[in-house]
Amino acid sequence: MANSQIVRRRIHSIRNAAKICKATEMIATARMKRAQEQATAGRPYADKIRQVVSDLALQPEDNGNVHPLLQKRDTTKTAIIHITTDHGLCGGLNANQNHLVASSILEQSAPVILIVIGRKGKGFARVTRRDTYAVFTGISDSPRLQETLPISRVIINGYSKGDFDLVYLAYPRFTSAIKQTPVMEILLPVKPPPSPAPQAREYLYEPSPDVVLAELLPRFVEMQIYHAILELKACEQSARMVAMRDASDNAHELMQSLIMTLHRLRQENITREICDISGGAEALAR
Amino acid sequence: MTTFKLEIVTAERMTFSGDVSEIVAWGTEGQMGILPHHIPLMTMLRPGDLLIKKGEEEQYMAISGGFLEVGLDKVVILADACERAEEIDIERAEAARRHAEKTLKSSPSRMATAAAETALRRSLVRLKVAYKRPHR
């Protein structure tokens with residue numbers, strides 16, 4: 001029967017799709033582990049640099065000069081760093097990021113320019129007709145710091161030149177394997193994190209606190225951007241893992257119901273044939 | 001033997017963590033040695049080799065800039081990049097050195113000169129450290 005053949009064909013195609021989903025899920029699981037490890041490996045550095053920056057920011061200004069990256073300016077232009085993935089098949093991850101960025105663009109009083117990382121964000125900027133200051137794509141799955149330095153350089157230079165006066169960093173935070181929270185933080189001007197316990201002892205700064213701070217601040221910004229990208233990578237893999245698990249579960253469910261349909265069709269056929277045969281036999285016997 | 005705790009961290013990972021008795025690093029004012037009970041200090045590091053001593057044991061690392069913080073009983077080095085002697089790829093470092101030298105010879109712009117000089121210094125440090133490793 002043509003009908004059961006159609007059902008068979010569908011089962012076949014869904015089985016193939018399920019296999020692909022399963023494979024993608026397994027790859028994502030393996031990569032997620034690596035991405036997570038990478039995100040945690042950089043934590044000691046992040047903690048230390050944060051502590052030193054907050055220690056140094058507490059130092060009295062001896063000549064009244066505030067480092068440009070610390071100085072608050074009147075906002076005439078805001079930049080939002082929109083971090084997304086390059087590839088899809090990761091559930092609502094990018095949609096959530098786009099949503100967050102889109103709604104916060106509306107809240108800004110100053111005109112907004114986007115700095116986009118990832119192909120999905122690039123598409124978002126094109127569809128919503130947003131101006132982009134820079135677009136970066138093709139960051140590898142386990143990025144080295146080196147790879148993200150050009151991004152940081154563009155942002156720090158743009159800020160120093162006055163292309164924008166306020167920079168937000170929007171990225172998904174890895175809460176757990178099944179939960180990613182879109183967050184948005186102020187990147188520039190640098191707001192020194194509150195120091196947990198003011199250092200009682202005096203440090204000897206060489207060559208001087210100003211110089212150390214001036215060298216430290218760009219690295220602090222670089223570290224934050226690098227860290228956000230690592231978080232994104234961990235989120236991407238875990239979101240993909242969950243999305244693909246759901247997809248292969250759904251595929252199996254669909255397959256089960258189609259197999260039931262197929263059986264029913266087959267049974268109907270048999271019944272009909274038996275009816276035909278017994279009807280024919282009775283007619284002959286008469 | 002008095003020792004102190006040394007941690008070397010980069011943005012990517014913790015490269016070293018352990019008790020040592022002396023370190024010698026390149027600060028902004030020149031080479032400096034740090035022994036236990038040093039006063040609290042925060043200094044910038046130039047690209048250079050780092051000597052770590054634990055008793056008689058010596059170990060070299062290549063550091064391409066960063067910061068060094070001496071706390072009460074702990075020293076933390078925030079390195080831009082840091083490699084142990086055995087991790088260094090001599091061929092790659094040689095290639096980088098040759099490339100930087102070639103760039104410098106072709107009399108580039110001031111920006112490119114500065115970049116090439118930094119690259120040259122970094123590759124020289126790597127090579128210096130790499131050749132100090134114990135021969136196997």
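## Basis

In this predicted model, local features need pLDDT of at least 70 and side-chain atom pairs count only at pLDDT 80 or more, while totals for chains, interfaces and linings use all residues. Residues are numbered from 1 along each chain as its sequence is written, and chains are lettered from A in the order in which they are written.

## Domains of chain B

Chain B is assigned domain 1 (4-85) and domain 2 (89-132); such bounds come from an automatic or database domain assignment. Their C-alpha centres are 23 Å apart. Domain 1 of chain B puts 9 residues into the contact and domain 2 of chain B puts 8 (contact: C-beta atoms, placed from the backbone, within 7 Å).

On the domain 1 side, strands S6 (48-54) and S7 (57-63) of chain B each give two or more residues (strands: DSSP runs of E, at least two residues; helices: H or I, at least four; both numbered from the N terminus). S7(B) gives the most, with 3 residues.

## Helix H3 of chain A

H3(A), residues 93-107, has 15 residues and spans 22 Å from first to last C-alpha, close to the expected 21 Å (1.5 Å times one less than the number of residues).

A:Leu93, A:Asn94, A:Gln97, A:Asn98 and A:Val101 are the buried residues of H3(A) (buried: 20 or more other C-beta atoms within 10 Å of the residue's own; exposed: 12 or fewer; partly exposed: in between; C-beta atoms placed from the backbone). These buried residues line one face of H3(A), because they fall within an arc of 125° seen down its axis (directions from the helix axis to the C-beta atoms). The face turned away from the buried side carries exposed A:Ser103, A:Leu106 and A:Glu107. Among the elements covering the buried residues of H3(A) are helix H4 (119-127) and helix H6 (209-285) of chain A.

Notes:
Contact = placed C-beta atoms within 7 Å.
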